[in-house]
Amino acid sequence: MLTKFETKSNRVKGLSFHPRRPWILASLHSGVIQMWDYRMGTLLDRFDEHDGPVRGVHFHATQPLFVSGGDDYKIKVWNYKTHRCLFTLTGHLDYIRTVQFHHEYPWIVSASDDQTIRIWNWQSRTCVAVLTGHNHYVMCASFHPKEDLVVSASLDQTVRVWDIGALRKKTVSPADDIMRLTQMNTDLFGGVDAVVKYVLEGHDRGVNWASFHPTLPLIVSGADDRQVKLWRMNDTKAWEVDTLRGHMNNVSCVMFHAKQDIIVSNSEDKSIRIWDATKRTGIQTFRREHDRFWILAAHPEMNLLAAGHDSGMIVFKLERERPAFSVSADTVFYVKDRFLRFFEYSTQKEVQVAPIRRPGSVSLNQSPRTLSYSPTENAVLICSDVDGGSYDLYIVPKDSTGSLQDAKKGAGGSAVFVARNRFAVLEKSSNQVLVKNLKNEIVKKSPLPIATDAIYYAGTGNLLCKAEDRVTIFDLQQRLVLGELQAAGVKYVVWSTDMESVALLSKHAVVIASKKLVHRSTLHETIRVKSGAWDENGVFVYSTLNHIKYCLPNGDSGIIKTLDVPIYITRVIGNNIFCLDRDGKNKLITVDASEYIFKLALLRKRYDHVMSMIKSSRLCGQAVISYLQQKGFPEVALHFVKDEKTRFNLALESGNIQIAVASAKEIDDKDHWYRLGIEALRQGNVGIVEYAYQRTKNFERLAFLYLITGFMDKVGFMCKIAGQNNNLMGQFHNALYLGDARKRAEILENAGQLPLAYATAATHGLTEIADRLATELGENVPSLPAGKSRSLLIPPAPLISSVDWPLLRVMRGTFEVGLDATGRAEVEEDDDAVIADWDDEDLNIVDASDAVANDDGFNAEEGEANEEDGEDGGWDLEDLELPPEADTPKAAGNTRSTVFVAPTPGMPVSQIWTQKSSLAGEHAAAGNFDTAMRLLSRQLGIKNFTP
């Protein structure tokens with residue numbers, strides 16, 4: 001048994017697989033119905049409207065519905081998409097044991113302890129038939145998968161088969177009025193819609209379960225007499241074929257396996273038993289310590305079973321479905337349907353090579369596990385678990401006319417070719433390797449360095465030995481360990497074609513290492529890893545239960561494709577992934593590999609490839625953008641983005657003011673203009689800062705910007721605007737910036753602050769204003785402090801006046817040459833010129849001096865009204881009637897660059913002083929006192945520098 005998923009819960013009484021999704025319903029003795037994703041191992045939903053245990057549950061084949069029946073005598077139909085009960089069917093008078101949807105018609109069959117079976121129409125929500133005849137609890141009832149039959153099992157020790165053909169005919173062709181009248185009579189006096197076809201008697205105790213074979217006219221039943229009985233039926237009669245004995249307690253559930261010729265039963269003796277349906281003998285038994293089994297369910301499509309017990313449920317497979325295969329050059333050898341075959345990738349032809357022997361013992365998991373191929377000798381080693389681990393050696397004839405020799409057999413858990421005509425066999429008991437030739441003769445023995453579970457090929461003469469927690473590479477010639485790596489639970493080993501890299505696949509992890517087992521990266525997966533192969537670029541492509549994924553050499557990974565069913569990848573060539581499915585069929589999946597090729601080109605700094613992929617625009621999506629951002633290439637990410645907000649953020653991150661301005665104009669949001677202003681100020685691009693502050697009407701910041709850049713005339717204009725907007729503090733600040741004492745006194749006087757206005761005028765020697773204010777104040781004239789020296793407050797002169805910061809000439813960025821051709825067209829739609837000048841209309845930057853000269857055109861009220869209307873533009877220039885500036889700012893000189901490449905750091909000024917100056921004072925000013933003292937000693941003969 002291969003357990004795939006296990007839950008811990010209350011006693012599970014009912015189970016049902018979804019036909020397409022990896023979901024299973026479990027109904028519990030506590031009254032809760034759980035819906036699990038058995039691939040991911042997560043609880044998806046729970047439904048708890050039943051009062052008391054829920055014994056039956058079933059998914060609909062096509063609709064998003066399931067049905068449940070419980071000890072509250074109610075049948076509920078649920079929609080799992082809307083997470084609610086749609087309706088309740090009532091009519092049973094005792095516990096409901098099982099419920100099932102019909103595969104075609106809108107029917108539900110239910111079995112109950114009231115000794116009846118009912119068939120319901122879930123569309124009309126009515127009971128269409130009541131099947132009476134059992135005289136004890138009816139433990140189960142189910143529809144035949146193809147015919148118009150129902151089978152039921154009861155504690156009255158019988159199994160009954162019912163014919164519901166009449167019910168189907170009535171459903172397909174509704175009767176006319178007269179027929180309806182007769183129908184009413186039959187409904188009243190017992191109808192003929194469902195009649196008993198056979199009564200199967202043979203069990204000595206109550207029968208708990210009965211089920212049909214999916215295709216053959218067979219029935220299997222399990223009862224409290226601890227027996228499983230097999231029945232056959234024809235058109236006229238049914239008879240007992242055989243009895244399967246072995247269970248030690250009541251048999252609670254039994255069914256035929258859909259894919260294999262076996263019967264599966266479980267019992268209150270805490271075991272699940274597997275029986276051969278043709279030989280009618282026991283094959284295998286699985287036991288639990290403390291939990292009685294109650295219910296079994298089989299997946300309608302896949303090789304999956306589920307069993308419910310006292311403390312939860314298990315989802316399991318009886319046999320491995322992974323085909324044994326080995327890839328060599330252009331071919332893959334594999335085993336399918338007891339035949340050795342090979343498939344050529346170039347011609348995509350499949351050739352059947354030879355039959356392989358069937359195992360003598362009847363048991364599960366006897367199919368080949370691994371396959372190893374020697375291309376020079378055309379020899380194949382097939383390993384399986386037969387007889388506790390054995391191998392078969394086949395020499396395949398070179399031409400099709402030759403006949404296949406009989407297989408050479410041997411015992412050993414793991415066998416693999418290590419040279420042209422030598423293969424190694426693991427002998428677990430003595431923990432040594434036997435090296436054999438093609439005649440199956442032992443050539444040499446070699447003890448292994450670690451307790452080895454399995455061996456794999458690792459280059460000529462080398463073995464990769466796997467222990468529980470680590471793997472080692474062992475040289476058989478020198479008997480040396482060449483490398484060791486901690487890796488737990490490795491199941492499969494995949495070497496790259498050049499044998500330089502190896503991927504170690506375990507249940508939930510992929511470990512990438514070098515040929516000497518030096519660790520490179522580890523990927524963890526939440527669901528099972530199934531297979532993998534290396535492509536020609538050194539990227540590892542692997543499959544999980546439901547995805548094909550890739551892993552780059554640096555450990556970055558991503559999803560290539562979603563899968564419906566698991567596959568086993570054998571080879572990756574360009575965009576083509578060759579794989580085997582669970583039936584051993586070769587498949588070709590074409591995928592888009594551009595995402596991982598792009599990331600690989602970035603990783604390997606193959607920027608020419610990156611450029612060509614960007615130009616072809618084969619990539620897009622948030623994942624690529626965030627990857628480029630994370631790896632420090634925001635300027636490249638910029639070329640995949642259409643969303644203006646994302647473009648703006650990336651442009652700021654890469655320092656591309658041009659694109660940031662274009663995006664900010666599209667977004668036209670106060671916050672974005674503010675952030676643009678901060679970035680432009682960081683770059684010293686005064687024109688853009690000014691424009692951003694104008695758009696947000698941030699007059700205080702604008703005034704300070706004018707002050708530090710030396711636009712004193714514009715500071716005066718800001719003072720005027722503040723006055724017209726009644727912003728007294730702003731007006732006073734601007735007057736302070738200008739160093740205009742007369743203006744400050746005037747502002748204070750207008751604000752009603754006469755004592756402060758008088759103090760300002762008197763301090764600065766403005767006697768006319770001071771005298772006038774003294775007259776107004778009368779006795780309240782403030783006294784000024786005597787004997788204090790006065791100084792005029794004037795702001796310091798700016799270092800760089802009225803221009804953008806100077807830019808250093810730097811090398812063009814990595815992607816700049818190529819990206820200019822593609823990216824600029826979007827940004828400069830109206831700009832035919834080569835240099836990135838901003839149009840006057842775009843920026844609308846105001847010249848303060850012209851504005852002051854034309855101040856009579858300004859209307860403050862009109863300006864405020866427009867501001868309330870939410871009109872565009874920082875200063876509402878139409879209202880201000882101000883001419884545009886003659887020389888509009890450029891976006892940082894020739895800003896064709898989309899990538900800012902930092903210049904190499906220059907020499908500090910202090911270092912220049914000490915290098916070029918012989919004056920001791922300059923050396924001291926630079927902080928270099930040693931050289932200053934040496935200079936003074938040499939020039940003036942000073943020896944003692946103590947203060």
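This briefing describes the salt bridges and the cysteines of the structure above. The model is predicted. It holds 27 salt bridges, and the count of disulfides comes to 0. Side chains of opposite charge can pair when their charged atoms come close.

- Arginine 288 pairs with aspartate 291 in a salt bridge, with 3.0 Å between the closest N and O atoms.
- Aspartate 291 has a relative accessibility of 11%; this residue is classed as buried because the value lies under the 20% limit.

**The pair aspartate 310 and arginine 292**

- A salt bridge joins aspartate 310 to arginine 292, and their closest N and O atoms are 3.0 Å apart.
- This pair links distant parts of the chain, the two residues being 18 residues apart.
- Aspartate 310 lies in the loop between β27 (305-309) and β28 (312-317), whereas arginine 292 lies in the loop between β25 (281-287) and β26 (293-298).
- The relative accessibility of aspartate 310 is 19%, so this residue counts as buried under the 20% cut-off.
- Arginine 292, by contrast, is partly exposed, since its relative accessible area of 28% falls between the 20% and 50% limits.

**The pair arginine 682 and glutamate 679**

- Arginine 682 and glutamate 679 form a salt bridge in which the closest N and O atoms are 2.8 Å apart.
- Both residues belong to helix α9 (residues 670-682); they are 3 residues apart, which means that about one helical turn separates them.
- Arginine 682 is exposed, its relative accessible area being 55%.
- Glutamate 679 is buried, with a relative accessible area of 10%.

**Cysteines**

- The number of disulfides is 0, where a disulfide would require two cysteine sulfur atoms within 2.5 Å.
- Cysteine 253 takes part in no disulfide: the nearest cysteine sulfur belongs to cysteine 140 and is 7.7 Å away.
- That distance exceeds the 2.5 Å cut-off, and cysteine 253 is therefore not paired with cysteine 140.
- Cysteine 253 is buried, with a relative accessible area of 0%.
- Cysteine 551 is likewise buried, with a relative accessible area of 1%.

Conventions. Residues are numbered from 1 along each chain as its sequence is written. This is a predicted model: local features need pLDDT of at least 70, side-chain atom pairs count only at pLDDT 80 or more; totals for chains, interfaces and linings use all residues. Side-chain values use heavy atoms; hydrogens and water are left out. A salt bridge is a side-chain nitrogen of Lys or Arg within 4 Å of a carboxyl oxygen of Asp or Glu. Buried means under 20% relative accessible area, exposed over 50%, partly exposed in between (1.4 Å probe, protein chains only). Helices (H or I, at least four residues) and strands (E, at least two) are DSSP runs, numbered from the N terminus.
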